[in-house]
Amino acid sequence: MDNKFRAWYLSQEDKLTIAKLKKINIKDLMPADTIIKVVSSGINYKDSLALTGKAPVVRKFPMIPGIDLAGIIEDSNNPFFKRGDSVFATGHGMGELHYGGLSEYARIESEWLLKVPKQFSCNDVMSIGTAGLTAMLCVIGIEESGITPDMGEIVVTGATGGVGTFAIMILSKLGFSVVASTRKIYEEKHLIGLGAERIINSEVFNGTPRLVDKETWASAVDVIGGGTLSHIIAQTARGGVISVCGQIQGINLNTNMAPFILRGIKLLGIDSAYCKKEKREYAWGRLVELIDLNLIKPVITDISIDEVLLASNKIIEGKHKGRYIVNI
Ligand SMILES: NC(=O)c1ccc[n+]([C@@H]2O[C@H](COP(=O)([O-])OP(=O)(O)OC[C@H]3O[C@@H](n4cnc5c(N)ncnc54)[C@H](OP(=O)(O)O)[C@@H]3O)[C@@H](O)[C@H]2O)c1
């Protein structure tokens, strides 16, 4: 395979990230046991941070970004996979420590791969991607903590974003009453269409939180962190559970012990990137059952590899809805 192919390539000059679409060769890829012809990738919040250099998510330069990829096996040392198999991978340091999916070819470890479920195409799994997997892991954590639909409302923050969109769809399909928290209140119809019972303006989580507040939520899926999470902790009902996966409003958390020891609430940290293979397989099995691809089509924007940086800037500005899928 001597031909050159295109890949987004991140380098650093004077601590500034430079993102360029470059032509590279297969020998330029990092060592690993499997070569994949990438068919589809996605742009997650983390990819946008990497491409724009807005936060130090890339831990090694140069880097090919892209924490998600789906494609066709070109060559593998693992006998479980054969040339032509449709496979996908998310996380595992791709786009941070190991060259990722925003490239026409990728060389990664077969241990990170799952086979594309027969009901789905490469584009379908990328439409769900890390965002859908993370939402599913948040919901599994809530279920495993014993939260049931009769216990009250579940709030989902960052509702029009990737994780938020899937969390609403999954929870409503499971019979929970979902309250979508968004800055874009003009998206009410869209969020109700996804399965939310009602929406709230995310401004309700601004200001200084009380030590404990009115018991409002049986549970929560929070992608925002910071001040938003401080309010949600204070408002979570006795025995409630909050799945947390994001830190858009900041990494620091201002809270206190009262909600934990007076109401016995739980904070569940969710990590999709290094989630064990058995759990990833279980979560994807649930996603196959629960996600209605027709419902997500309107929130998927298909773009070409050339449009990746433009889309990343929109995500950072919070101007997008749903997910960007990159047709490689
Ligand atoms: N732990 C993990 O394994 C894991 C996996 C995936 C993602 N994450 C993290 O989860 C977060 C969300 O990821 P995502 O892919 O869903 O991102 P996304 O598609 O960009 O969605 C985030 C949403 O948050 C809201 N938002 C954006 N900027 C905001 C701000 N400054 N203040 C308040 N709200 C804001 C917006 O929703 P509204 O306009 O509707 O309010 C936006 O659509 C990110 O921090 C990401 O890194 C973690």
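This is a predicted model: local features need pLDDT of at least 70, side-chain atom pairs count only at pLDDT 80 or more; totals for chains, interfaces and linings use all residues.
Visitor: Which residues does the face of helix α7 turned away from its buried side carry?

Guide: That face holds the exposed residues Glu278, Glu281, Gly285 and Glu289. The buried residues of α7 are Arg280, Ala283, Trp284 and Leu287.

Visitor: Why do the buried residues of α7 line one face of the helix?

Guide: An α-helix has 3.6 residues a turn, so residues three or four places apart point the same way. In α7 the buried residues fall within an arc of 100° when seen down the axis, so they line one face. Their cover includes β7 (114-115) and α2 (122-144).

Visitor: What span does α7 reach from its first C-alpha to its last?

Guide: Helix α7, residues 277-290, has 14 residues and reaches 20 Å, close to the 20 Å expected at 1.5 Å a residue.

Visitor: How many bridges join strand β4 to β3, and how many join β4 to β5?

Guide: Strand β4 (residues 68-76) runs antiparallel to β3 (residues 34-43), with seven bridges. Five bridges join β4 to β5 (residues 86-90), again antiparallel. Alanine 70 in β4 is the bridge partner of serine 40, and alanine 70 also stands opposite phenylalanine 88 in β5.

Visitor: Into which domains is the chain divided?

Guide: Domain 1 covers 5-116 + 299-327, and domain 2 covers 130-269. Their C-alpha centres lie 29 Å apart. Nine residues from domain 1 and seven residues from domain 2 take part in the contact. On the domain 1 side, two are nonpolar, four polar and three charged.

How values were computed: Residues are numbered from 1 along each chain as its sequence is written. Helices (H or I, at least four residues) and strands (E, at least two) are DSSP runs, numbered from the N terminus. The expected span of a helix is 1.5 Å times one less than its number of residues. A residue is buried if 20 or more other C-beta atoms lie within 10 Å of its own, exposed if 12 or fewer, and partly exposed in between; C-beta atoms are placed from the backbone. The arc is that of the directions from the helix axis to the C-beta atoms. Two residues are in contact if their C-beta atoms, placed from the backbone, lie within 7 Å. Two strands pair if DSSP finds at least two bridges between them. Domain bounds come from an automatic or database domain assignment. Ala, Val, Leu, Ile, Met, Phe, Trp, Tyr, Cys and Pro count as nonpolar, Asp, Glu, Lys and Arg as charged, and the others, Gly among them, as polar.
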